[in-house]
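Q: I'm new to this structure and would like a close look at a single part of it. Could you walk me through one spot?

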Amino acid sequence: MPTIPWTTPQPAAPGSTAVVMASRFEVASLADVPGFFLRSLAVWKQVRSAPGALGASLRARPLKREFCTLSAWESEDALHAFARAEPHRGVMRKLGPAMKDSAFTYWEVKAEELPLAWGDADRRIAAQRGAGAA
């Protein structure tokens, strides 16, 4: 499956700062991939209408059992509200047993830096995973 390109649910206010979150999920087996993928589509639909969502992209590498997200938010509060809301909350709870590994990283960018590219997110996720292994 190709990467779902950056989608902008609402534009960032000029001069503002966005909170960015990148995540990487690895499911335990290839048998877990279809369920993770289907549930991630429900969350993708949610993010496209979530209050405070400034942009998002989703990348799936099914044969590697890997799914990654990259999103920008008006605030930490908006990001946390999204994570606590359905379907995200229920999907994460349901998928927990299928997870082999996960990594999350957060940073801030100026609104003018949106949309985001995957390169920086990949470096930050790799660094976060490396820090977790230490």
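Is methionine 21 buried or exposed, and what is its relative accessible area?

A: A quick note before the close-up: this is a predicted model, where local features need pLDDT of at least 70, side-chain atom pairs count only at pLDDT 80 or more, and totals for chains, interfaces and linings use all residues. Residues are numbered from 1 along each chain as its sequence is written, and side-chain values use heavy atoms, with hydrogens and water left out.

Now to your residue. Methionine 21 is buried, with a relative accessible area of 13%; buried means under 20% relative accessible area, exposed over 50%, and partly exposed in between, using a 1.4 Å probe and protein chains only. You'll find methionine 21 in strand E2, residues 17–27 (strands, E, are DSSP runs of at least two residues, numbered from the N terminus).

Who are its contacts? Leaving aside residues up to four places away in sequence, methionine 21 touches Thr69, Leu70, Ser71, Leu79, Phe104, Thr105 and Tyr106, where contact means heavy atoms within 4.5 Å. Phe104, one of those touched by methionine 21, also belongs to an aromatic cluster with Phe25, Phe36 and Phe67. For aromatic pairs, rings of Phe, Tyr and Trp (its six-membered ring) must have centres within 6.5 Å; planes under 30 degrees apart count as stacked, over 60 as edge-to-face and the rest as tilted. The structure holds four such pairs.

One last pointer: methionine 21 and alanine 111 sit 90 residues apart in sequence, with 14 Å between their C-alpha atoms.

Methods. Helix = DSSP H or I, 4+ residues; strand = E, 2+ residues; numbered from the N terminus.
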